[in-house]
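Try each task before you read its solution.

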Amino acid sequence: MPDCIEGSTSKRMLHLMGDFSAPAEFFVTLGVFTFLYTMAALAVYLRFHSLYKENKKLPFADFCVSVSFTFFWLVAFSAWGKGLSDVKGATRPSSLIAAMSVCQFKNAVCNAGATPSMGLANISVVRVAWK
């Protein structure tokens, strides 16, 4: 944001309040664990197929782990959507203007230069929902 000192070209950094990284980190961590489990399950299916057929507990355990990953994926997807909603709220021009101390003065006139485009962020959430 500009310093609002006459003749000054310097700008002051404005940081968003809050931490919006946790939902994305949870989603990525779940994705990594799911990938690793999938690779391990694929190795068991292909290399130890007879073990999988003989042991009746292994298919049930595989089913339980798959159901758990499905549930956690739904939770992570919802958290990611909520995190995106929070980022949108924090970067809304009215929220940013309200956070600027210089805009609190009575004679200050503050307005947004442009509205942020969140189209690609929205697509990222919708795209994951269809996978």
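**Exercise 1: Two annotated spans**

Over residues 26-48, the chain is 96% helix and 0% strand, with its end C-alpha atoms 32 Å apart. Keep in mind that this is a predicted model.

Task: Find out which feature UniProt places at residues 26-48 and 60-80, and work out what the chain looks like over residues 60-80.

Solution: 
- Step 1. Check the record: the unreviewed UniProt entry gives "transmembrane region" for residues 26-48 and 60-80.
- Step 2. Now look at residues 60-80: the span is 100% helix and 0% strand, and its end C-alpha atoms lie 30 Å apart.

**Exercise 2: The span of a helix**

Task: Compare the span of α3 with the one expected at 1.5 Å a residue.

Solution: 
- Step 1. Get the length: α3 has 34 residues.

**Exercise 3: Sorting ring pairs**

Task: Classify the aromatic pairs Tyr37 with Phe69 and Trp73 with Phe77.

Solution: 
- Step 1. You need two values, because a pair of aromatic rings is described by the distance of the centres and the angle of the planes.
- Step 2. The structure holds 5 aromatic pairs. In one of them, the rings of Tyr37 and Phe69 have centres 5.5 Å apart and planes at 40°, so this pair is tilted.

**Exercise 4: Buried or partly exposed?**

Task: Sort Phe77, Trp73, Tyr37 and Met39 by relative accessibility.

Solution: 
- Step 1. Use the cut-offs: buried means under 20%, exposed means over 50%, and partly exposed is in between.
- Step 2. Phe77 has a relative accessible area of 17%, so Phe77 is buried. Other buried residues in α3 include Asp62, Phe69 and Ala76.
- Step 3. Trp73 is at 31%, so Trp73 is partly exposed.
- Step 4. Tyr37, at 24%, counts as partly exposed.
- Step 5. Met39 is at 38%, so Met39 is partly exposed too. Met39 lies in helix α1 (residues 22-47) and belongs to a nonpolar surface patch whose members include Phe35, Leu36 and Leu42. Together, the patch residues have about 880 Å² of accessible area.

Note on methods: Residues numbered from 1 in each chain as written. Predicted model: local features only at pLDDT ≥ 70, side-chain atom pairs only at ≥ 80, totals over all residues. Heavy atoms only, no water. Patch = residues over 30% accessible without salt bridge, like charges linked within 9 Å, V, L, I, M, F, W, Y side chains within 5 Å. Areas by Shrake-Rupley, 256 points an atom, 1.4 Å probe, with all protein chains shown as cover. Salt bridge = Lys/Arg side-chain N within 4 Å of Asp/Glu carboxyl O. Helix = DSSP H or I, 4+ residues; strand = E, 2+ residues; numbered from the N terminus. Buried < 20%, exposed > 50% of the residue type's maximum accessible area, 1.4 Å probe, protein only. Phe/Tyr/Trp six-rings, centres within 6.5 Å; stacked < 30°, edge-to-face > 60°. UniProt positions renumbered as here; feature names shortened; annotations may be inferred. Expected span 1.5 Å × (residues − 1).
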